[in-house]
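Reader: Please show me the model, and then I will ask what stands behind the terms used for it.

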Amino acid sequence: MRGLFVQGRSESEEMRILSGIQPSGKLHIGNYFGMMRPALELQNKGDAYLFIANYHALTSVADAAAMRQGTWDVALDFLACGLDPERTAFYRQSDLPEVHELAWLLSNVTPLGLLERCHSYKDKLAKGIAPNHGLLAYPVLMAADILIVQSNVVPVGKDQKQHVEVTRDVAIKFNNAFGETFTIPEPQISEDVAVVPGLDGQKMSKSYGNTIEIFGDPKATRKRFMGIVTDSKALEEPKDPEACNVFKLYKLFATPEQQADLAARYRAGGLGYGTAKKELADLFEAHFAPMRAKRAELAANPDYVENVLRQGAAKARALASETLRKARRAVGLE
Ligand code: ADP
Ligand code: TRP
């Protein structure tokens, strides 16, 4: 008993968890289950840092008003969905300018080939985007985000795993060249998070226009649910729940009992897709209504939100300035 307690405590003391999210676009159900919820669950597992990656977003957002609005929206979304500022240092990346100085120090131990091999860079080139230095250097800035707070656990989606591997390589190179300076972080990939399907059954993604926003207008959102694509089986025909997009989304919100009940009604026949969609929309609304209310409250209290972000930045900055000092000394700037 005692051993377990000690083990549990030391584990949480050792975990310094950091992740970042880009402020690009309204959050949808796929983002919520795939990224937000896992990130929010981690705040109970250790010393947690979560930031809004607005410097990174500059690689794709070239509109100041959209940048400001997007950054603010993410802040409201996360606080509304349960981010606890007492547990998680929540901040804007741009409130931690130290990351840029560190990025420069790291640049000088980052082989160009390592950056040129990054999938996300290559994907952008393949899409015909004209590469600039920001796009190429993106992973170096990300390494600075991670290393500056000496985090050891970095929860990210599969698409970001390679960037955490670059961070590890760069940190090891720096440590080898200048002496032990950085903690080597581990990526934590949420393999168990299933892909959330969109209205048309493809992966829900803002680039496919098949999303349901978590904080969209309630009436319009209900209409979106009614537009989920299904097969054309008649009302009385038995239906396969597992092959149906409506049921796949329903499962995300329903208790096991509710899932079993709806599945049985699918199989029995006599259930129309319209009814299933309506029940799904009801569960969605029950899930997000309290968060929507909280979001409205937060939106009416910008000073509170601003204060949360500033305090988060102050906490992260205390660590960041210590790490930067260490790195400056290591390379001989001090
Ligand atoms: P989008 O595809 O809408 O552009 P992003 O690429 O900005 O979404 O994704 C942000 C985060 O949300 C990532 O961590 C990603 O893994 C997660 N995510 C996005 N869409 C889904 C989905 N349909 N199912 C599960 N997770 C998703
Ligand atoms: N590149 C990440 C994304 O697009 C966001 C990000 C920036 C990040 N810096 C980070 C994630 C540091 C984890 C750790 O999703």
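Author: Helix α5 passes helix α8 in a right-handed crossing. This is a predicted model, in which local features need pLDDT of at least 70, side-chain atom pairs count only at pLDDT 80 or more, and totals for chains, interfaces and linings use all residues. Residues are numbered from 1 along each chain as its sequence is written, chains are lettered from A and ligands numbered from 1 in the order in which they are written, and side-chain values use heavy atoms, with hydrogens and water left out.

Reader: What makes a crossing right-handed?

Author: The axes of α5 (residues 98-107) and α8 (residues 133-148) come within 8 Å and cross at roughly 115°. Axes are lines fitted to C-alpha atoms, for helices over the stretch in contact, and angles run from 0 to 180 degrees between N-to-C directions. Helices are DSSP runs of H or I with at least four residues, strands are runs of E with at least two, and both are numbered from the N terminus.

Reader: Which residues of α5 and α8 meet?

Author: On α5 they are Glu98, Val99, His100, Leu102, Ala103, Leu106 and Ser107; on α8 they are Val140, Leu141, Ala143, Ala144, Asp145, Leu147 and Ile148. Contact means heavy atoms within 4.5 Å. These residues divide into ten nonpolar, two polar and two charged. Ala, Val, Leu, Ile, Met, Phe, Trp, Tyr, Cys and Pro count as nonpolar, Asp, Glu, Lys and Arg as charged, and the others, Gly among them, as polar.

Reader: Why is the pair of Phe78 and Phe90 called tilted?

Author: Rings of Phe, Tyr and Trp (its six-membered ring) pair if their centres lie within 6.5 Å; planes under 30 degrees apart count as stacked, over 60 as edge-to-face and the rest as tilted. The centres of Phe78 and Phe90 are 6.1 Å apart and their planes stand at 45°, so the pair is tilted. Phe78 is in helix α4 (residues 64-80) and Phe90 in strand β3 (residues 88-92), twelve residues apart. Phe174 and Phe178 form another tilted pair, with 4.9 Å from centre to centre and 50° between the planes. Both lie in helix α9 (residues 161-178), four residues apart.

Reader: Is Phe174 buried or exposed?

Author: Buried means under 20% relative accessible area, exposed over 50%, and partly exposed in between (1.4 Å probe, protein chains only). Phe174 has 0%, so Phe174 is buried. Phe178 has 36%, so Phe178 is partly exposed.

Reader: Why does Arg292 count as buried?

Author: Its relative accessible area is 18%, so Arg292 is buried. Arg292 is in helix α13 (residues 273-299). Not counting residues up to four places away in sequence, Arg292 touches Ile214, Phe215, Gly216, Pro218, Phe284 and Glu285.

Reader: What makes a charge sit over a ring?

Author: NZ of Lys or CZ of Arg has to be within 6 Å of the ring centre and within 35 degrees of the ring normal. The charged end of Lys124 sits over the ring of Tyr138, 5.7 Å from its centre. The charged end of Lys239 sits over the ring of Tyr273, at 5.4 Å from its centre.

Reader: Why is Gln150 called buried?

Author: Gln150 has 13% relative accessibility, so Gln150 counts as buried. Gln150 lies in the loop between α8 and β4 (153-156), and has a positive phi of about 55° although it is not a glycine.

Definitions and conventions. A crossing is left-handed if the near helix is turned anticlockwise from the far one by less than a right angle, and right-handed if clockwise.
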